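Please examine the sequence and the three-dimensional structure shown here. The paragraphs that follow lead through some of its side chains and the links between them.

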Amino acid sequence: KYKFLDVVNSLKRFFSTTSSSSSDDDDNKIQNKDSIILWFDLFSNNQHAAPDLDFHWWCNTFQSAIKQFGHTVMILSPWDDPIPLTRAWCLFELYSTVITNSKFSIAMTLEEEKRFQETIIKDKSIYNKMLGQINVEKSKSFKPEDEKRIHEVVRQTIGFNQLNSLVFEKLREWVIQSAIDSINNSTSNGSNYSQLNDNNILERKMALAHLYQLQGK
């Protein structure tokens, strides 16, 4: 359901941002972007053989692969009702990330992030509405039997609440950083926000303050 170029642009933007991060937390930045290797299931899996592989094979493949990588990046679009969180196999990849103690990150196109930034200024209640949309237990699969098995595995182990909490935490981090970036970029020459006037910048600062307030900070 994504445009392929949106996937490419989201990943390029994600790795560009994390590799150049000024954060002192080594876990939040990539030390050498030239060493980045992507495992993209659409290309890494044999799509001709995939329909004949049973559920247990997929379980073992996803979990062992994610454990070896140690990092899952999920592209969220649209930001206010992310498609991956409605798909059962995306849920299973998220589940595998949790049980293998791997890192979980989110990525997004610049256009989608700008849409969020403009919306949060006009409707500050949209933040809670966004979180209210997230419930991985509602995820669906093309094969109903896969959906049932995936949900049962999650339910009998870590539970849906923990998966939802993981997504909530990452989205909370993202919305704050996105608001900060929109303010910092607003005065940068050549940036996408350089034409903003003082009122626009003030609106962004007020939106950031409101987000902090909603998060109890």
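Which side chain meets that of Arg-204 in a salt bridge? The partner is Glu-118, with 2.6 Å from N to O; a salt bridge is a side-chain nitrogen of Lys or Arg within 4 Å of a carboxyl oxygen of Asp or Glu. Arg-204 lies in helix H9 (residues 198-214) and Glu-118 in helix H5, so the pair ties together parts that are 86 residues apart in sequence. Helices (H or I, at least four residues) and strands (E, at least two) are DSSP runs, numbered from the N terminus. Arg-204 is buried at 4% relative accessibility, while Glu-118 is partly exposed at 35%. Buried means under 20% relative accessible area, exposed over 50%, and partly exposed in between (1.4 Å probe, protein chains only).

The model is predicted: local features need pLDDT of at least 70, side-chain atom pairs count only at pLDDT 80 or more, and totals for chains, interfaces and linings use all residues. Residues are numbered from 1 along each chain as its sequence is written, and side-chain values use heavy atoms, with hydrogens and water left out.

The structure holds nine salt bridges. In one of them, Arg-115 meets Asp-80 at 3.1 Å, N to O. Arg-115 belongs to helix H5 (residues 110-122) and Asp-80 to the loop between strand E1 (71-75) and helix H4 (88-99), so this pair joins parts 35 residues apart in sequence. Together with Glu-112, these two residues are linked in a network of salt bridges.

Phe-55, in helix H3 (residues 55-69), is buried at 6% relative accessibility.
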